[in-house]
Amino acid sequence: MFLKLFWTYLKIGTFTIGGGYAMLPLIEKEVVDNHHWIDAKEFVNMIALAQAAPGLIAVNSAIFIGHKIYGWRGVVACILGAVLPSIIIILLIAMFFREIKDNPLVEAVFKGVRPAVVALIAATVIRLAKRI
């Protein structure tokens with residue numbers, strides 16, 4: 001179960017751009033639809049708790065899911081899976097940023113990602129508002 005939780009949150013952390021709120025659709029798809037670890041109502045409650053607690057919403061949701069499924073080992077698995085991709089990506093960017101910061105292609109990619117992140121967050125807000 002440790003590896004399953006780790007792998008699930010690693011996928012979420014790897015393929016989500018834009019932070020915790022942009023992760024919510026993928027978290028919901030994985031934990032509610034694919035694995036059935038929690039139901040849709042519990043997901044909405046988890047998001048409310050994750051927002052109310054101090055810290056990152058993605059990490060707070062990882063703590064909730066990990067603890068519910070596999071106790072403290074699950075918490076470790078989910079948190080590592082959620083944050084490891086971001087840490088690696090930030091380290092790689094930091095290593096090469098000076099060389100690529102003025103590249104027009106890199107600037108275009110960053111400008112192109114912004115609307116996608118806004119759309120992901122808006123879709124999550126609309127879906128959660130309908131449930132509430």
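This is a predicted model: local features need pLDDT of at least 70, side-chain atom pairs count only at pLDDT 80 or more; totals for chains, interfaces and linings use all residues.
1. Let's start with H36, which sits in the loop between α2 (20-34) and α3 (40-52).

2. Next, the largest pocket. About 580 Å³ of space lies in it, and its lining counts 21 residues. T16, I17, G18, S86 and I89 are the ones nearest the centre of this pocket. Helices α1 (2-14), α2, α4 and α5 (104-131) each supply at least two residues of the lining, and α4 gives the most, with eight residues. By class, the lining has 14 nonpolar and seven polar residues, but no charged ones.

3. The second largest pocket holds about 150 Å³ of space. Here α2, α3 and α5 each bring at least two residues to the lining, with α5 giving the most, at five residues. Among the lining residues are Y21, L24, V44, Q51, T124 and I132. The lining divides into ten nonpolar and two polar residues, and again no charged ones.

4. Finally, a look at the surface. L84, I88, I89, I90, L92, I93, M95, F96, F97 and I100 form a nonpolar patch there, and their accessible area together is about 850 Å². One of them, I100, belongs to helix α4 (residues 57-100). I100 is partly exposed, because its relative accessible area is 31%. I89 is a member of this patch and also one of the residues nearest the centre of the largest pocket.

Definitions and conventions
Residues are numbered from 1 along each chain as its sequence is written. Side-chain values use heavy atoms; hydrogens and water are left out. Patches are made of residues with over 30% relative accessible area and no salt bridge: like charges are joined within 9 Å, nonpolar side chains (Val, Leu, Ile, Met, Phe, Trp, Tyr) within 5 Å. Accessible areas come from the Shrake-Rupley method with a 1.4 Å probe; for residues, only the protein chains shown count as cover. A salt bridge is a side-chain nitrogen of Lys or Arg within 4 Å of a carboxyl oxygen of Asp or Glu. Helices (H or I, at least four residues) and strands (E, at least two) are DSSP runs, numbered from the N terminus. Buried means under 20% relative accessible area, exposed over 50%, partly exposed in between (1.4 Å probe, protein chains only). On a 1 Å grid over the protein atoms alone, a cavity is a set of points where a 1.4 Å probe fits but cannot get out, and a pocket is an open set with protein on both sides within 12 Å along at least five of seven lines; lining residues have an atom within 4 Å of a point. Grid points are joined across faces, edges and corners, and a volume is the space filled by probe spheres set on the points. Ala, Val, Leu, Ile, Met, Phe, Trp, Tyr, Cys and Pro count as nonpolar, Asp, Glu, Lys and Arg as charged, and the others, Gly among them, as polar.
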